[in-house]
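Please keep the sequence and the 3D view at hand while reading.

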Amino acid sequence: MIQIAPSILSADFSRLGEQVRMVEDAGAEVLHIDVMDGHFVPNLTFGPALVKSLRAHSKMRFDVHLMVEEPELFIADFAAAGADHITFHLETSLHVHRVIQLIKEQGMTVGIALNPATPLDGLKYILEDLDMVLLMTVNPGFGGQKFIPNVIPKIQVLHRHLEHLQSDCQIQVDGGINLETASAAVKAGAHILVAGAAIFAQPDPKLAVEKLRQAAGSMKSE
């Protein structure tokens, strides 16, 4: 089943609680929380306090995407705030396996994110330890960017490899997801669609979630 993960990076912060409830009521399973440190990416966003403030108001799975240097420094605080899952970037750590274990020790599931130009090779010795791989379909740092179609073959290759391994690891895609690109990503093998502007920048975010699910549901992975 395809899951929809609205990204609060594109939400109206003056009505954040209301908008989170709106997309949850629409059936979104995951709340995607982009954490940026102004170093790994040229933007600065949320911290554990935001996760804690939203946790009491939502039953969605809280998916924290760390776009930060030294991700190991953030794990315990986000776990205490109520995060269910942490994804960090392969490009940010020299000790990837250690960070994976730290996340698991906090009782959370774990994912690795790869930038569009980062090859899949770095997953070779850690894939069996992962619950999810996030394939960025834009370069991280800002919302509202255009989907990079060259990532589609990358999704296909990873999907086939996971099927060969009979792995339960899921593929998430993030960046430029809309009704058209959602269909392409799902057809290639994606399981979880992160969408920001395609949901929160629409007049009716609840309806936008429903339409995105319909678009994704009309396609089957190859």
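This is a predicted model: local features need pLDDT of at least 70, side-chain atom pairs count only at pLDDT 80 or more; totals for chains, interfaces and linings use all residues.

Glu 70 has its place in the loop between β3 and α3, and with a relative accessibility of 46% it counts as partly exposed.

Strand β4, which spans residues 85-89, is mostly covered, since five of its five residues are buried. His 85, Thr 87 and His 89 point one way from the strand, while Ile 86 and Phe 88 point the other way, and all of them are buried.

On one hand, β4 pairs with strand β3 (residues 61-67) in the parallel sense over four bridges, and within this pairing Thr 87 of β4 is the bridge partner of His 65. On the other hand, five bridges join β4 to strand β5 (residues 109-114), and these two strands also run parallel; here His 85 has Thr 109 in β5 as its bridge partner. From β4 the chain crosses through helix α4 (residues 96-105) to β5, and this β-α-β crossover is right-handed. A right-handed β-α-β unit is likewise made by β3, helix α3 (residues 75-81) and β4.

## Ile 86 within the strand

Ile 86, which lies in strand β4, is buried, with a relative accessible area of 0%. When neighbours within four places in sequence are left aside, Ile 86 is in contact with Val 64, Leu 66, Ile 75, Phe 78, Ile 103, Met 108, Thr 109, Val 110 and Gly 111. Ile 86 and Ile 100 are 14 residues apart in sequence, and their C-alpha atoms are 9.2 Å apart in space.

In soluble globular proteins, nonpolar side chains tend to be buried together. In this model the largest nonpolar core has 70 residues, and those with the most contacts inside it are Ile 8, Leu 123, Leu 130 and Leu 193. Apart from that core lies another, of five residues, among them Ala 5, Val 30, Met 132 and Ile 192.

Leu 193 touches a number of residues when those up to four places away in sequence are not counted, including Ile 2, Ile 4, Val 173, Ile 177, Val 186 and Ala 216.

## Aromatic rings

How many aromatic pairs does a search of the whole structure find? The search finds one, and it is edge-to-face, because the rings of Phe 13 and Phe 46 have their planes at 80°, with their centres 5.5 Å apart. The pair links distant parts of the chain, 33 residues apart, with Phe 13 in the loop between β1 (3-6) and α1 (16-25) and Phe 46 in the loop between β2 (30-36) and α2 (48-55). Phe 13 is partly exposed, at a relative accessible area of 48%, whereas Phe 46 counts as buried at 14% relative accessibility.

Another ring faces a charge: the charged end of Arg 55 sits over the ring of Phe 62, 3.7 Å from its centre.

Conventions
Residues are numbered from 1 along each chain as its sequence is written. Side-chain values use heavy atoms; hydrogens and water are left out. Rings of Phe, Tyr and Trp (its six-membered ring) pair if their centres lie within 6.5 Å; planes under 30 degrees apart count as stacked, over 60 as edge-to-face and the rest as tilted. Buried means under 20% relative accessible area, exposed over 50%, partly exposed in between (1.4 Å probe, protein chains only). A charge sits over a ring if NZ of Lys or CZ of Arg is within 6 Å of the ring centre and within 35 degrees of the ring normal. A nonpolar core is a set of buried Ala, Val, Leu, Ile, Met, Phe, Trp, Tyr and Cys residues joined through side-chain atoms within 4.5 Å. Contact means heavy atoms within 4.5 Å. Two strands pair if DSSP finds at least two bridges between them. A crossover is right-handed if, with the strands pointing away from the viewer, the path from the first strand over the helix to the second runs clockwise.
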